[in-house]
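Here is a briefing on one protein model. Please read it alongside the sequence and the coordinates.

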Amino acid sequence: MILKIEALNFAYNKKKVLKNINLEAEKGELITLIGPNGSGKSTLLKCINNYLKADQGTIKVKNQQIRNFSQKELAKIIAYVPQASEINFNLDVFETVLMGRKAYSGWKANQQDKEITAEVISKLGLEEIAFKNINELSGGQQQKVFIARAAAQAAELILLDEPTNNLDLKHQLEIFEMIEKEVSSGKTVIVTMHDLSLVSRFSDRIIMLKEGSIYSDGTASTLSAAKINSVYGVEVSLKEHNGKKIIIPEKICV
Ligand SMILES: Nc1ncnc2c1ncn2[C@@H]1O[C@H](COP(=O)(O)OP(=O)(O)OP(=O)(O)O)[C@@H](O)[C@H]1O
């Protein structure tokens with residue numbers, strides 16, 4: 001088991017945001033966290049990454065509490081890609097992906113770091129933009145670069161916060177292809193998303209958060225109109241296509 005969370009509680013000041021979260025993740029799992037705006041998805045990822053410190057409960061990676069790791073050691077196990085709006089710097093693509101190697105070599109990247117960076121760039125199909133400045137890229141291209149940086153970090157657990165937000169259909173699929181490549185090479189990926197049809201198509205396991213608690217945890221086949229209705233307050237129709245669910249919002253429940 002790569003991740004084990006037990007009885008996690010977290011509050012911003014006095015506002016309880018995560019309530020009694022229990023969660024285990026295995027090697028090679030793709031887990032999607034869904035839930036309405038403000039249900040605590042980003043906060044949970046930030047707690048797992050030890051960016052926010054839990055008030056109560058434990059978070060263990062590889063059987064050790066995350067608070068016992070130095071930031072550098074934890075970065076060899078967990079890679080975290082925040083929401084696009086939280087990212088802002090002025091480097092080219094190669095340099096950005098190379099930053100993923102910081103946990104190994106500090107500021108002084110060695111030849112091996114550069115080779116790993118080049119491998120990741122070509123494996124994930126970013127060669128053509130390798131020397132473009134990040135700020136000159138579209139949102140979709142930037143997201144790909146940040147996933148590449150997480151891949152270069154060679155962490156076993158990758159946390160992605162809404163990587164497909166604001167992306168067109170092609171970029172959404174490309175991001176999922178990148179995620180699937182990481183999962184098929186044995187990485188565990190936890191990703192937050194809002195597009196439930198996309199989630200149903202790509203996830204092994206879907207965790208629904210409702211007001212800071214886990215409301216359900218199961219395969220895409222367990223996603224039901226009743227659950228979505230209860231968590232989002234919206235009536236939906238579910239259609240099946242090639243064994244996957246398509247979720248159509250119908251009306252807001254009153
Ligand atoms: N830095 C902060 N200080 C105080 N409250 C915060 C902070 N960040 C988030 N919150 C609050 O915590 C709750 C959970 O926020 P969080 O960002 O984890 O939700 P989310 O499920 O990721 O939402 P979204 O889908 O909109 O990204 C919200 O009520 C939010 O207002």
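Which residue takes a positive phi in the hairpin of β4 and β5? Lys 62 does, with a phi near 50°, in a hairpin that has two residues between the strands.

This is a predicted model: local features need pLDDT of at least 70, side-chain atom pairs count only at pLDDT 80 or more, and totals for chains, interfaces and linings use all residues. Residues are numbered from 1 along each chain as its sequence is written.

**Overall build**

- The protein holds nine helices and 12 strands. Helices (H or I, at least four residues) and strands (E, at least two) are DSSP runs, numbered from the N terminus.
- The radius of gyration is 18 Å, close to the 18 Å of the globule rule for 254 residues, so the protein is as compact as a globular protein of that length. The radius is taken over C-alpha atoms, and the rule is 2.2 Å times the number of residues to the power 0.38.
- The C-alpha trace spans about 60 × 40 × 30 Å along its principal axes.
- Of the 254 residues, 40% count as buried. A residue is buried if 20 or more other C-beta atoms lie within 10 Å of its own, exposed if 12 or fewer, and partly exposed in between, with C-beta atoms placed from the backbone.
- Among contacts with a separation of 6 or more, 65% join residues 24 or more positions apart. Contact means C-beta atoms, placed from the backbone, within 7 Å.

**The antiparallel sheet**

- Four strands form an open sheet in the order β2-β1-β4-β5, with antiparallel pairing. Its edge strands are β2 (15–25) and β5, each pairing on one side only. Two strands pair if DSSP finds at least two bridges between them.
- Five bridges link β1 (residues 3–12) to β4 (residues 56–61). Glu 6 has Thr 58 of β4 as its bridge partner, and Asn 9 stands opposite Gln 56.
- Two bridges link β4 to β5 (residues 64–65). There, Val 61 is the bridge partner of Gln 64.

- All five residues of β7 (residues 157–161) are buried, so the strand is largely enclosed by the rest of the structure.
- In a regular strand the side chains alternate between the two faces of the sheet. In β7, Leu 157, Leu 159 and Asp 161 lie on one side, Ile 158 and Leu 160 on the other, and both faces are covered.
- Strand β6 (residues 78–81) runs parallel to β7, joined by four bridges. Tyr 80 has Leu 159 as its bridge partner in β7.
- Strand β8 (residues 188–192) also runs parallel to β7, joined by five bridges. Here Leu 159 has Ile 190 as its bridge partner.

**The nonpolar core**

- The largest nonpolar core has 71 residues, and those with the most contacts inside it are Ile 78, Ile 147, Ala 148 and Leu 159. Helix α6 (residues 139–152) gives the largest share, seven residues. Such a core is a set of buried Ala, Val, Leu, Ile, Met, Phe, Trp, Tyr and Cys residues joined through C-beta atoms within 7 Å.
- Beyond its neighbours within four places in sequence, Leu 159 contacts Leu 45, Ile 48, Asn 49, Ile 78, Tyr 80, Val 81 and Ile 190.

**The ligand shell**

- Residues around the ligand include Tyr 12, Val 17, Gly 35 and Lys 41. The criterion is a C-beta atom, placed from the backbone, within 6 Å.
- Helix α1 (residues 41–48) supplies the largest share of the shell, three residues.

How values were computed: Contact = placed C-beta atoms within 7 Å.
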